[in-house]
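Let's take a quick tour of a few spots in this protein. Have the picture open while you read.

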Amino acid sequence: AMQAALSDDRETKNKMIGEAKTMMQKAVSLKALPEFKAGCLRQIEAVTLSGGMKHDKPTKAKPLDTTEKAPDRAHMADAVETLDRAHMPDPVEIPDRAHAFEPDAPSAGVKPVPV
């Protein structure tokens, strides 16, 4: 019955739901447990609510999205001035002090190396 519901075959689905209800009533009349009847009713309800819900057009639950899309900033060129970068200062050049080391005072017995 679930396969028929998912493939939108209403006649087969309704026929199989009827057969399931008949078999469930027969089992209940033969002293089946109340848990069995509750389980059967849950399955029948699941099959009943399945299928037939495919919508190609916008619905109230999923309306048409008409909002303006945000620009794709990840693929914008760096030369383009954006509002995000307008407030940032120009980059400052940082001197490379690791390679231009000059000691303040020469150590005892060590001659300074010319740079």
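## Lys31, out in a loop

Find Lys31 in the loop that joins α2 (10-29) to α3. Keep in mind that this is a predicted model. Is Lys31 buried or exposed? Its relative accessibility is 74%, and the cut-off for exposed is over 50%, so Lys31 counts as exposed.

There's something else to spot here. The phi angle of Lys31 is near 70°, which is a positive value in a residue that isn't glycine.

## Ser50, tucked away

Now move along to Ser50, which sits in the loop between α3 (34-49) and α4 (83-86). Ser50 has a relative accessible area of 16%.

What does Ser50 touch, if you skip residues up to four places away in sequence? The list is Met2, Ala5, Leu6 and Lys13.

## A salt bridge

How many salt bridges turn up in this model? The count comes to 1. Look for the side chains of Asp65 and Lys69, which meet in a salt bridge with 2.7 Å from N to O.

What about the lysine in that pair? Lys69 has a relative accessible area of 57%, and that is over 50%, so Lys69 is exposed.

Definitions and conventions
Residues numbered from 1 in each chain as written. Predicted model: local features only at pLDDT ≥ 70, side-chain atom pairs only at ≥ 80, totals over all residues. Heavy atoms only, no water. Helix = DSSP H or I, 4+ residues; strand = E, 2+ residues; numbered from the N terminus. Buried < 20%, exposed > 50% of the residue type's maximum accessible area, 1.4 Å probe, protein only. Contact = heavy atoms within 4.5 Å. Salt bridge = Lys/Arg side-chain N within 4 Å of Asp/Glu carboxyl O.
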